[in-house]
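Please open the model in your viewer and have the selection tool ready.

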Amino acid sequence: VMQSLLLLSCGTYDSTSYNRQSIQLVSCQSEFVDSLYFNLSDVVRLESNKSCVVNSIDKILSVDDALFIFNSQRDEVAVFGLDGRHHRTINKVGRGKGEYIQLMDFTYDRYEDELLFLVSPSSIYHYTRHGDFIKKVSLEEYFSYVGVDSTYYYYYYVPSDIDSKHLIKCVNKKSGDAHTLLTNEYSTASHCTFGACMFQNERVLFVKKFDQNIYELSNGQISRALSLDLGIKRFNMNKFKEGMDCTQLLSIGMKDKS
C-alpha cells in the first residue's frame with residue numbers, strides 16, 4: 001500500500017490535503033466462497049410475518065444490538081434484533097405531522113442518538129431510534145443521500161444536467177454554516193444515482209461516477225481517499241456521452257464487464 005499527499009480543489013472551500021492510499025486490482029472473480037475472504041461470519045435469519053415484510057434491502061445500519069434495515073420500496077425502516085426477531089417498523093408515509101411522502105435515505109446520528117430520514121419533499125426528519133417524531137428541517141436543495149458525524153451533516157446532491165457543480169454539501173450542526181466539496185465533472189440524466197453512493201456506520205464514505213476513489217469524510221472535509229486501480233475493469237470513458245441515463249451506463253458496463 002502506498003501513501004501520498006493529494007491536493008484537491010473543493011469548490012467554495014480552499015484546497016484541502018488528505019491522505020491517499022492506492023490499491024491495485026490483481027484479479028477479478030465473478031464468484032467466490034465467503035470463507036475465502038471472511039474468517040468469521042454471522043448469519044441473521046430475519047423474522048417474516050404480516051406486520052413485517054422485507055422484500056428489499058437498500059441499507060443496513062448496526063445500532064447497538066439492533067439492525068436498522070432501509071426498504072425503499074416500502075419507504076420504511078424495519079428494526080430487528082441480532083437474533084432476527086422483528087422489533088418494530090418505522091413507516092411514516094402520509095401528510096400529517098411527522099409524516100413524509102417518500103423516504104430517500106436514512107442514517108443514525110450516534111452523537112445525538114437520533115435517526116435522520118431524508119425525505120421527499122426535500123427535508124430531514126429527526127426521529128428517536130424508536131420512531132418518535134422530533135422535528136423537521138427543510139432543505140433548500142435536493143439530495144439523494146445523507147450522512148452525519150459529530151460536527152457536520154453531509155448531503156449528496158441529486159445529479160442533474162442543470163446544476164452539476166458540486167457533489168457534497170456540508171452543514172455545521174451547531175452554526176448552520178455550509179460549504180461544498182468536490183465538483184461533478186460529468187453530466188448524466190437527472191436523478192440518475194447509479195454509480196454514486198454515500199454510506200455510513202462509524203465513518204462517512206462516498207463514491208462517485210467515473211472515479212476510482214473511495215472518499216472518507218470527517219469534520220467537514222475529505223480526510224482520506226482509497227484509490228482503486230481497476231485496470232482493464234475500469235469503465236471506458238471513450239464510450240461515455242454527455243447526458244447518458246442509468247440504463248445506457250449500465251448496458252455499457254455489463255457489455256464490457258467493467
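## Aromatic stops, then a loop

Across the whole structure, a search finds 16 aromatic pairs. Keep in mind that this is a predicted model.

Select F143 and Y157. Their ring centres lie 4.9 Å apart and their planes meet at 45 degrees, so the pair is tilted. Now colour by strand. F143 sits in strand 11 (residues 143-148) and Y157 in strand 12 (residues 152-157). The two are 14 residues apart, and the pair links distant parts of the chain.

Are these two residues buried or exposed? F143 is buried, at a relative accessible area of 5%. Y157 has 14% relative accessibility and counts as buried; the cut-off for buried is under 20%.

Move on to F206 and Y215. This aromatic pair is stacked, with 5.1 Å from centre to centre and 20 degrees between the planes. Both F206 and Y215 are buried.

Next, select F70, Y100, F106, F117, Y125, Y127 and F133 together. These residues form one aromatic cluster.

Last stop: L46. Where is L46 placed? Look in the loop between strand 2 (13-24) and strand 3 (59-63). L46 has 26% relative accessibility, so it counts as partly exposed.

Show the surroundings of L46. Leaving out residues up to four places away in sequence, L46 touches V54, I69, F80 and G84. Draw a C-alpha to C-alpha distance from L46 to F80: it is 7.3 Å in space, while the two residues are 34 apart in sequence.

Definitions and conventions:
Residues are numbered from 1 along each chain as its sequence is written. This is a predicted model: local features need pLDDT of at least 70, side-chain atom pairs count only at pLDDT 80 or more; totals for chains, interfaces and linings use all residues. Side-chain values use heavy atoms; hydrogens and water are left out. Rings of Phe, Tyr and Trp (its six-membered ring) pair if their centres lie within 6.5 Å; planes under 30 degrees apart count as stacked, over 60 as edge-to-face and the rest as tilted. Helices (H or I, at least four residues) and strands (E, at least two) are DSSP runs, numbered from the N terminus. Buried means under 20% relative accessible area, exposed over 50%, partly exposed in between (1.4 Å probe, protein chains only). Contact means heavy atoms within 4.5 Å.
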